[in-house]
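Please look over the sequence and the model below before reading on. The paragraphs that follow go through charged side chains and then through a sheet.

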Amino acid sequence: MKIFNFFKKKYIQPLQKEIEKLIPKEKEKIHEFIERCQFLKEEMGIEVPLSVIETFKRYDLPKHNYFYSIFWNVDHDSFIIFYTEAFIELVVTRYKEIHGNDADLATLLQQLDDAVYEFRVKEDCFDRTNPSFDFVNNCYEEFKKSGEELIITMDLGNYDNLVLNKEEKGNVGYNLSSYKTTAGIKYKFLTQFRPLPEVIKETLDSQQNHY
């Protein structure tokens with residue numbers, strides 16, 4: 001009997017392993033935020049930086065958490081654009097070509113100030129339903145052809161903006177009172193960049209100490 005059991009184990013065990021190979025293994029569950037990022041990419045054209053995805057996977061925050069909830073309640077008001085010097089120089093050059101070198105830039109400045117809140121990520125333009133942005137959009141089309149980008153951010157509130165593109169993507173910049181002046185146009189820029197995990201940890205620690 002012992003010999004029989006020996007041969008039984010010898011032949012059945014390999015057979016069991018072969019059968020196990022044929023049985024489809026349950027797929028690893030995809031994290032809900034990865035699925036959400038796929039949806040945002042398909043529906044709104046948003047490229048969520050990998051560092052942001054890894055952050056939310058690691059912290060495993062509930063959906064009602066302020067930082068996490070932002071990605072579950074996305075609309076056009078979620079985004080703020082920050083200009084670059086190269087873009088402002090192009091816009092002012094084209095504006096003066098139309099209105100003359102002595103043109104008053106106040107109207108242009110107002111257009112630019114309004115446009116930062118009216119960027120449509122999926123269409124990659126400022127709101128085309130508003131004719132006030134036609135000139136800015138024309139300049140932006142020319143700007144993109146040179147391979148340049150504006151700075152696309154998500155508004156985190158409290159003067160914080162999460163950068164979604166360019167070198168600082170995945171970092172949070174501060175926008176309270178920092179301005180640049182280029183070619184006669186004064187516009188906001190981001191400062192005090194910090195990684196998103198640092199901002200979240202600081203907030204969670206503050207909440208714990210408060211309670």
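Is Lys-57 buried, exposed or partly exposed? The model is a predicted one, and in it Lys-57 has a relative accessible area of 33%. The side chain of Lys-57 meets that of Glu-54 in a salt bridge, with 4.0 Å from N to O. Glu-54 is partly exposed as well, at a relative accessible area of 35%. Both residues belong to helix α3, which covers residues 50–59. They are three residues apart, about one turn of the helix.

Side chains of opposite charge can pair when their charged atoms come close. In the whole structure, a search finds 12 salt bridges.

Another of these pairs is in helix α5, residues 85–99, where Glu-97 and Arg-94 are three residues apart, about one turn of the helix. The closest N and O atoms of their salt bridge are 2.9 Å apart. Glu-97 has 55% relative accessibility and counts as exposed, while Arg-94, with a relative accessible area of 24%, is partly exposed.

Arg-94 also forms a salt bridge with Glu-142, and here the closest N and O atoms are 2.5 Å apart. Glu-142 is partly exposed, at 33% relative accessibility.

Salt bridges can also join into a group. Asp-124, Arg-128, Glu-141 and Lys-144 are linked in a network of this kind.

Now turn to the strands. Strands of a sheet pair through backbone hydrogen bonds, either parallel or antiparallel. Which order do the five strands of the open sheet follow? The order is β1-β4-β5-β6-β9, and the pairing is antiparallel. At the edges are β1 (79–82) and β9 (191–195), each of which pairs on one side only. On average, neighbouring strands of this sheet are turned by 35° against each other, with direction ignored.

One pairing can be followed down to its residues. Strand β4 spans residues 151–157, and β1 pairs with β4 in the antiparallel sense over four bridges. Ile-81 has Ile-152 in β4 as its bridge partner.

Technical notes
Residues numbered from 1 in each chain as written. Predicted model: local features only at pLDDT ≥ 70, side-chain atom pairs only at ≥ 80, totals over all residues. Heavy atoms only, no water. Helix = DSSP H or I, 4+ residues; strand = E, 2+ residues; numbered from the N terminus. Buried < 20%, exposed > 50% of the residue type's maximum accessible area, 1.4 Å probe, protein only. Pairing = 2+ DSSP bridges. Axes fitted to C-alpha atoms, helices over the stretch in contact; angles between N-to-C directions.
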